[in-house]
Amino acid sequence: MGAAVAFEGVVALLDRFPALAGVDLSVQDGEMVCLRGPNGAGKSTLLRACAGLVPVRGERAEVLGFDLRAQRRSVRPHVGLLGHRSPLYGDLRVDDQLRHCADVHRAGAPEVAAAIERFALGGRLGEVAIRRLSEGQQRRVALACLTIARPRLWLLDEPHAGLDTSSRDALDELLADAVTAGATVMFATHETGRSGIAAARHVMLSGGRVEPAAPVPQTTGPTDVA
Amino acid sequence: MWREIWLVCRKDLIIEWRARVTLIQIVPTVLLVLVVFAFALDANPSLLGAGAGGLFWVAVLFGAVLGAKRSFDIEAEGGNLDGLRLGGLVPAAILWGKAAALALQMVLVGVFAAAGLLVLYSVTVHDWLLIVVAGLCGMAAFAICGTLYGAMTVGLRSADTLLPLLLIPVAAPVLLAGTRAFDVALGTSADQGWSWTALLAVVLVTYIAVGWAAAGPLLEDA
């Protein structure tokens, strides 16, 4: 089993500010990693760096075998990133958006049908403009697009935010299935108490670095903090 | 590459078909500019007829600024540009796909503006072929130029004001050559209309060359 992510001393500057200030991190293929840390710790930047969207420097910066210092663009088709905001076109209908995702990622009708079924986006919902959907419904469409893309590395920033309980369960199940299928999952969250999160290896970030000890948060109850 | 260009162009056209921003907002704005010019020139038929070519291109240039802004607003929303990049689309395909969609929308704007010219200013066309060829070259040039500067300003806080500030001076050669060609086609000038149209084509080719060179750096850093 190889390393999906191999970072040694990785630095990323955002407007001269070192959002990543020497990150050392190794994530194995098929592993699920939960990034934790306070606001501004560098979680979102780390995910974007792994997606090849942020220029990085350092001793070693490899994702899925691609050197991000020289092949940032090459890694992109192999990763799927869902950030804070759902990357959707508000004026498109749900079915337009899913077809666009399928065409971009060269996916077929079976993949689209499976995603529609998994996230309950069929029927009349397919004909609704994305702008008219609730935040949670938009998140489900974004997750369906991610499923259609079939990435080798899943990168999710606060993926549970805005979802209702059943959709959160579906998301946990989706991530578990992705790992079972051999994909690697990294997600950043402030939530505690979900089984999907408990199953992951926890990595703590602070000040743009990975903390040596990553305490696993204790489950305090059934509530989830969005 | 062609497939990727088509994907981006089709997506933008579907968005336009669903939202109809060009038809409902940009076209009326362009027609309104023509009406306002008529008011400003005291509805003087001879004055309006003499300046019809220039007024057409000024109005369409305003439309191009709005179209280019809209074209990249939809990409900035929700980080959609990242979605295209993560789909493995090369920057040139994104740029040309968006430029092609904007060019088609600009042709629509141009058709309505030309109709407005005929109705509001009571002009007579002496050379339809010259109007069509010069118009198509000009619309394509505006679209490419607008797409380039749209990509340059996407995501910037000052994009609303920066885009026209950058785009209008660079589009000036199109404005000048287009006006001269239209003046000939409308019979208000005895100049060499096809020479001005050739100049429009040269400007268009120059914008295309700049687009090829700039697509990577522009959309990589956007």
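This is a predicted model: local features need pLDDT of at least 70, side-chain atom pairs count only at pLDDT 80 or more; totals for chains, interfaces and linings use all residues.
Residues are numbered from 1 along each chain as its sequence is written, and chains are lettered from A in the order in which they are written.

Where chain B meets chain A, 18 residues of chain B are in contact with 23 residues of chain A, contact being taken as C-beta atoms, placed from the backbone, within 7 Å. On the side of chain B that touches chain A, α1 (2-19) and α4 (80-86) of chain B each supply at least two residues, and the largest share, six residues, comes from α1(B). Helices here are DSSP runs of H or I with at least four residues, and strands are runs of E with at least two.

The largest nonpolar core has 149 residues, and F142(B) is among those with the most contacts inside it; such a core joins buried Ala, Val, Leu, Ile, Met, Phe, Trp, Tyr and Cys residues through C-beta atoms within 7 Å, buried meaning that 20 or more other C-beta atoms lie within 10 Å of a residue's own. Leaving aside residues up to four places away in sequence, F142(B) touches V60(B), L61(B), A64(B), M106(B), A171(B) and V174(B).

In chain A, four strands form an open antiparallel sheet in the order β2-β1-β4-β5, where pairing requires at least two DSSP bridges. The edge strands, each pairing on one side only, are tabulated here.

| Edge strand | Residues |
|---|---|
| β2 of chain A | residues 17-28 |
| β5 of chain A | residues 66-67 |

Strands β1 (residues 3-14) and β4 (residues 60-63) of chain A pair over four bridges, and the bridge partner of A6(A) in β4(A) is E62(A).

Notes: Two residues are in contact if their C-beta atoms, placed from the backbone, lie within 7 Å. A residue is buried if 20 or more other C-beta atoms lie within 10 Å of its own, exposed if 12 or fewer, and partly exposed in between; C-beta atoms are placed from the backbone.
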